[in-house]
Amino acid sequence: FRIPQNNELSPPAGHVNFLLIREIHVANVASTGFCQPPTSAGGQQHESHGDLRSLSSSLFIIILHFLYEIMAVHGPVVKIHPVVLASIVDSYERRNEGATRVIGTLLGTTDKHSVEVTNCFSVPHNESEDEVAVDMEFAKNMYELHKKVSPSEVIIGWYATGYDITEHSVLIHEYYSREAPNPIHLTVDTALQSNKMNIRAYVSSQMGVPGKTVGVMFTPLTVKYVYYDTERIGVELLQRTRASPSRTNGLTTDLAQVASAAGRVQEMLTTVLSYIEDILSGKVMADNSVGRFLMDLVNKVPKITAEDFESMLNSNINDLLMVTYLANLTQAQIALNEKLVVL
Amino acid sequence: MCFGPFPLHQTMASRKESAASGSSPLETPVKQIQIDGLVVLKIIKHYQEEGQGSEVVQGVLLGLVVEDSLEITNCFPFPQHTEDDVDFDEVQYQMEMMRSLRHVNIDHLHVGWYQSTHYGSFVSRALLDSQFSYQHAIEESVVLIYDPIKTAQGSLCLKAYRLTPKLMEICKEKDFSPEGLKKACIGFEIMFEEVPIVIKNSHLINVLLLDLQEKSTVADKHELLNLSSSNHLEKSLQLLMDRVDDMNQDIGKYNTYCRNLSKQQQQKQQYLQRRQQENTQRQSRGEPPLPEEDISKMFKPPQAPPRMDTLLIAGQVNNYCQNIKEFTSQNLGKLFMAEALQGHSS
């Protein structure tokens with residue numbers, strides 16, 4: 001058996017049990033011959049092993065999800081931008097009648113240790129019990145169009161909505177491995193099977209006894225969310241739609257924004273203050289590192305003498321007032337000019 | 001300056017007929033715009049990735065019209081125009097994109113276009129022309145202006161504009177002379193009208209957002225409460241000054257035109273008077289009067305300068321002033337907060 005190598009530093013002691021569980025699961029997998037052959041003869045495998053196979057497959061799934069909770073680093077780290085996830089959810093909402101899941105291509109950039117997913121588009125496909133058809137022409141076309149806008153994005157994998165990895169996924173994954181080296185498979189659980197939208201990424205690796213039929217196993221990868229600064233601000237605004245009952249939200253005007261930002265800082269300060277109160281009254285154990293952070297925080301307010309601060313404040317306020325006055329003057333001027341011309 | 005995307009006349013012709021038979025042209029057909037969160041994210045991403053070099057990125061908005069509000073459900077970006085890319089066919093790209101999107105059940109109806117802006121300078125001839133051609137074909141179309149610099153300062157700055165019906169009429173007739181504009185009685189304030197925007201998310205997207213909030217790290221940059229403002233203010237004022245200079249030149253040109261016109265009128269009057277005097281003299285001497293010459297041919301009126309540019313410049317100056325005022329009011333608030341933090345009460 002070839003277990004994917006962990007070429008990073010040896011994991012800390014707390015993760016020993018993780019390795020142990022993996023050994024068990026790999027051994028289990030081996031003993032029941034749970035292999036996914038890459039050919040399309042997948043249909044026959046179902047009947048031949050019966051109960052034991054279904055038991056081991058469910059065990060496999062459980063262990064896989066357990067693994068995901070602990071740690072999953074055997075390959076590049078997958079960094080996803082929120083726009084990709086929103087796109088996937090949107091295409092799921094618009095799926096054809098009768099389709100249970102949606103698939104599509106992921107575009108992005110690769111690095112030595114990470115893969116950054118920045119864009120995606122959905123690809124029409126038909127899936128039934130024993131066969132799957134993907135519109136590859138369409139996928140190629142769309143990729144060409146996308147390349148015109150952002151020439152630096154390449155195909156790095158594909159996504160599918162849904163919870164599990166089915167046999168059809170293996171076929172589709174094989175198609176995508178022709179398009180990109182070592183493609184990533186992303187699953188987004190839009191059916192909310194565990195009351196959460198689980199977003200997982202996998203990479204495929206070969207597995208099997210050398211000489212006999214080779215199988216494919218999907219190993220999980222860590223998923224991180226990255227934002228550009230402006231993206232983060234956009235997402236923050238979108239978060240506010242959760243609060244309103246009609247799921248809508250208008251864009252706020254100038255001073256209101258400053259007020260809400262100040263409100264947020266105030267909330268954070270209240271939390272910190274209540275924590276300090278708790279420590280002083282003995283309810284919570286004091287933590288030295290937190291104490292150091294608090295010292296940092298208090299020292300960040302610069303100590304300036306009263307007169308200096310007054311003069312700085314006044315000069316700044318004067319600047320701003322002057323600019324406002326000039327802006328108003330200009331506006332009045334052009335309005336006047338207009339009326340004079342019309343005369 | 002590159003033009004915006006061209007509308008598809010084939011598919012839009014049928015919609016134009018149905019729209020024309022519907023609402024009267026003086027009412028605004030669109031009272032509100034509803035944008036999906038996805039569109040916002042896509043626009044942000046497009047500028048972030050492709051817009052750092054040149055100043056403007058553009059794209060097309062897709063969606064549908066529901067009663068009196070316009071719903072924008074998706075968008076796709078437009079590639080940059082490069083001079084060496086002559087064989088790139090924009091209409092081809094658009095048609096292919098829309099056809100492909102139709103296959104995956106995305107709304108494929110054009111409802112407008114978006115553009116990014118640099119410090120708020122977007123009122124230009126190109127924008128006017130593009131928006132006019134869009135609005136002419138599709139009555140409810142809007143242009144979304146995304147200001148990335150203001151967004152980076154703390155809060156999303158996205159505005160939707162349409163041309164007012166009056167401006168539409170003027171553009172249709174292409175009569176930009178002073179008399180034409182005087183007749184239409186148009187001022188720079190009623191060129192563009194802003195339509196309020198509302199962001200809407202589906203339930204599933206809300207679940208996604210909840211998940212994101214739990215898993216992602218807290219932002220360590222709170223740009224909105226940043227006190228240093230002089231850089232941004234300087235840049236804005238610089239642009240404002242340039243525009244005011246342009247306006248000055250334009251006004252100067254118009255003044256010379258007026259002066260020339262009045263001088264010409266005077267000359268005409270003098271000529272007529274002299275003619276009359278001569279005629280009376282000749283009559284008194286009994287000679288036949290001189291023939292009346294065609295004076296209009298002798299005194300050709302000077303060319304009236306087109307006034308549309310002035311309007312645009314005035315609109316732009318107005319926009320700059322608005323932005324500056326918003327910015328200064330925010331900063332004043334922040335300064336007062338800093339004062340409170342110091343603990344000095346005056």
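**Close-up 1. The largest pocket of this predicted model holds about 1,900 Å³ of space.** Of the 47 residues lining this pocket, the closest to its centre are A:V265, A:K300, A:V301, B:L225 and B:L341.

**Close-up 2. Helices of chains A and B give residues to the pocket lining.** In chain A, the elements that each give two or more residues are α7 (254–280), α8 (288–300) and α9 (306–342). In chain B, they are α9 (230–285) and α11 (308–342). The largest share, nine residues, comes from α7(A). Sorted by class, the lining of the largest pocket has 32 nonpolar, nine polar and six charged residues.

**Close-up 3. Here we turn to α9(B) and α11(B), which pack with their axes 10 Å apart.** The angle between these two helices is about 155°. Angles over 145 degrees count as roughly antiparallel, so α9(B) is roughly antiparallel to α11(B). As α9(B) passes α11(B), the crossing is left-handed.

**Close-up 4. Zooming in, we can see which residues of α9(B) and α11(B) meet.** On the α9(B) side, the contact includes B:H232, B:L233, B:S236, B:L237, B:L240, B:R243, B:V244 and B:M247. On the α11(B) side, the partners include B:T310, B:I313, B:V317, B:Y320, B:C321, B:I324 and B:F327. By class, the contact between α9(B) and α11(B) has 13 nonpolar, five polar and three charged residues. Among the residues of this contact are B:D246 and B:D250 from α9(B), along with B:Q316 and B:T328 from α11(B).

Conventions: Residues numbered from 1 in each chain as written. Chains lettered and ligands numbered in written order. Predicted model: local features only at pLDDT ≥ 70, side-chain atom pairs only at ≥ 80, totals over all residues. Heavy atoms only, no water. 1 Å grid on protein atoms, 1.4 Å probe; cavity = no way out; pocket = protein on both sides within 12 Å on 5 of 7 lines; lining within 4 Å. Points joined across faces, edges and corners; volume = space filled by probe spheres on them. Helix = DSSP H or I, 4+ residues; strand = E, 2+ residues; numbered from the N terminus. Nonpolar A, V, L, I, M, F, W, Y, C, P; charged D, E, K, R; others polar. Axes fitted to C-alpha atoms, helices over the stretch in contact; angles between N-to-C directions. Parallel < 35°, antiparallel > 145°, perpendicular 65-115°, else oblique. Left-handed = near helix turned anticlockwise from the far one by under 90°. Contact = heavy atoms within 4.5 Å.
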